[in-house]
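Please look over the sequence and the model before starting.

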Amino acid sequence: MTGASGGVGTRLRELLPAIYPDLVLSDLTPPANLSSKENFRQADLADLASVEAICEGVDGILHFGGFSVEGPWDTILQANIIGTYNLFEAARKKGVKRVVFASSNHTMGFYPRHSRIGTDVTARPDSRYGVSKVFGEAVGALYADKHGLSVTCVRIGNFGDQPLDQRRLSIWLKPEDLVQLCRIGLEHPDIHFEVLYGASYNERAWWDNSRAYELGYRPIGRAEDHRAHAMAEQAKMPADPVADFYQGGAFCSLEFDADQNSVWAPE
Ligand code: 15L
């Protein structure tokens, strides 16, 4: 698992060892509370040789490494564009069979909240970060089709123990549900190339995640159980017309300087 020191990785380090006792962890820097029972291999994703070294003897990769929010172009370029390419290339060279790629809802962030989308629509990234995740999905498709890797891209909504605001009631992903999606990617016999939404059972969902359900996904998280908390947090936030209109939220309004009256708004 790359990104072992990040937010998602830190939580998955608690949940995955019971399922995968031989889990190997990787990141640029070791997790602060690394235990002697954990197997950690340091690597900079932007350096192909070190990514190849961490792939040695590995059956499957959970790729949560990289930069996880909007950032300067060079940061995104090194960590997410070059880094993700290196990850797939190293996996191919070292004979890794499966990759689960942490994609993001920000690949689709400029779809308005009133539209329901599946995985068959054109990408509408809302940030350089979102563009890098579209790139990662494309590299995944290439390595599946050309080199036979089994690749699952999970467009993660918002990962955490509870939805943080109104937007997150639509896109929340409970950690245990991400574990289910990882297991589908690493273990399901029918995976060639899949794009799934990383969302729990959210009644306000904007996404058609039927393929995940076909593959056996049965989320246990239900965003509406946390409605009161999320709406109380929302009430403290200032109105942001662009963020509030689009699925990507504040990633859409950041650096936004188009004409708000002629924004792209399909049905
Ligand atoms: C993401 O992709 C980010 O990694 C995370 O930090 C959140 O911003 C999340 O999306 C979100 O949309 O809430």
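**Exercise 1.** What volume does the largest pocket have?

*Solution.* The model is a predicted one, in which local features need pLDDT of at least 70 and side-chain atom pairs count only at pLDDT 80 or more, while totals for chains, interfaces and linings use all residues. Residues are numbered from 1 along each chain as its sequence is written, and side-chain values use heavy atoms, with hydrogens and water left out.

Begin with the term: on a 1 Å grid over the protein atoms alone, a pocket is an open set of points where a 1.4 Å probe fits, with protein on both sides within 12 Å along at least five of seven lines, and its lining residues have an atom within 4 Å of a point. The volume of the largest pocket is about 730 Å³. Its lining comprises 37 residues, and those nearest the centre are Phe 64, Gly 66, Phe 67, Ser 68 and Tyr 129. Sorted by class, this lining holds 16 nonpolar, 16 polar and five charged residues.

**Exercise 2.** Identify the space that the ligand takes, and describe the shell around the ligand.

*Solution.* First, the ligand takes the space of the largest pocket, where sitting in a pocket requires that more than half of the molecule's atoms lie within 2 Å of the grid points. Next, the residues around the ligand (one heavy atom within 4 Å) include Ser 68, Asn 105, Tyr 129, Arg 167, Arg 168 and Ile 171. Helix 5, residues 166-171, gives the most to this shell, with three residues. The shell divides into four nonpolar, six polar and two charged residues.

Then consider the polar contacts (pairs of N or O atoms within 3.5 Å). Oxygen atoms of the ligand lie 2.8 Å from a polar side-chain atom of Tyr 129, 2.9 Å from one of Arg 168, and 3.1 Å from a side-chain N or O atom of Asn 105. Finally, of the 320 Å² of accessible area that the ligand has on its own (Shrake-Rupley method, 1.4 Å probe), the protein covers 80%.

**Exercise 3.** Which element gives the most to the lining of the second largest pocket?

*Solution.* The second largest pocket holds about 450 Å³ of space and is lined by 21 residues, with Asp 22, Val 24, Val 58, Asp 59 and Gly 60 nearest its centre. Strand 1, helix 2 (48-55) and strand 3 (60-63) each supply at least two lining residues. Of the elements, strand 3 gives the most, with three residues. By class, the lining has eleven nonpolar, four polar and six charged residues.

Notes:
Polar contact = N/O pair within 3.5 Å; in protein donor to acceptor, adjacent residues only side chain to side chain. Helix = DSSP H or I, 4+ residues; strand = E, 2+ residues; numbered from the N terminus. Nonpolar A, V, L, I, M, F, W, Y, C, P; charged D, E, K, R; others polar. Points joined across faces, edges and corners; volume = space filled by probe spheres on them.
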